[in-house]
Amino acid sequence: MNTRMKRLIMVVGAAVASLVLWIAAVPVGGVDLDVRQGEGIRTITPAMVVIACLAVGCAAWALMAVLERWTGRPAFIWTATAATVLAVSVLGPLGGIGAAAKLVLLAMHAVVAAILFVGLTRVARADRAEPARAGLQDGGTATG
């Protein structure tokens, strides 16, 4: 499986996992996922969950691709950047109305972050190591 397909699976998987949490919390668990936005209140819908996850996942993928092309340590730089973005994004769920809403929103952020952190960094490491191993198996020399 090529790198693009692996990354697509990670991005879609993160969105699906977050949507599953939404389903478990809202229609099944009866939690109202309402957040304060400015002076108003916004209800988090399944479409909002999927769109936000796909947007974040695609941005994470794009950043990793750029870093792989232009830096020597893409996974390290990407992880540091992603951790910073996650820390800032956690402020959003704190605007949830009620403890249950806050916990569900934080869980959704954590699930998406875990999938993208692990998935995208593993794909970066695995794909960078494979050509070296393949060259050694063919009797060639590995180049860095």
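Trainee: Which residues lie nearest the centre of the largest pocket?

Mentor: Please bear in mind that this is a predicted model. A pocket is read from the residues that line it; here the lining comprises 29 residues, and Ala52, Cys53, Val56, Ser89 and His109 lie nearest the centre. The volume of this pocket is about 750 Å³.

Trainee: Which elements give two or more residues to that lining?

Mentor: Strand 1 (34-37) does, together with helix 2, helix 3 and helix 4. Helix 2 supplies the largest share, with eight residues.

Trainee: How should I then approach the nonpolar core, and which of its residues touch the most other members?

Mentor: In soluble globular proteins, nonpolar side chains tend to be buried together. In this model the largest nonpolar core has 23 residues, and Leu33, Ile44, Trp78, Met108 and Leu116 touch the most other members. Two or more residues come from each of helix 1 (3-28), helix 2 (46-70), helix 3 (74-89) and helix 4 (99-137). Helix 4 gives the largest share, seven residues.

Trainee: What does Leu116 touch, leaving aside residues up to four places away in sequence?

Mentor: Its partners are Met10, Val11, Ala14, Val56, Gly57, Trp78 and Thr121.

Trainee: In what order do the elements run from the N terminus?

Mentor: The order is α-β-β-α-α-α, with four helices and two strands in the protein. Of the contacts with a separation of 6 or more, 69% join residues 24 or more positions apart.

Methods
Residues numbered from 1 in each chain as written. Predicted model: local features only at pLDDT ≥ 70, side-chain atom pairs only at ≥ 80, totals over all residues. Heavy atoms only, no water. Contact = heavy atoms within 4.5 Å. Core = buried A, V, L, I, M, F, W, Y, C linked by side-chain atoms within 4.5 Å. Buried < 20%, exposed > 50% of the residue type's maximum accessible area, 1.4 Å probe, protein only. 1 Å grid on protein atoms, 1.4 Å probe; cavity = no way out; pocket = protein on both sides within 12 Å on 5 of 7 lines; lining within 4 Å. Points joined across faces, edges and corners; volume = space filled by probe spheres on them.
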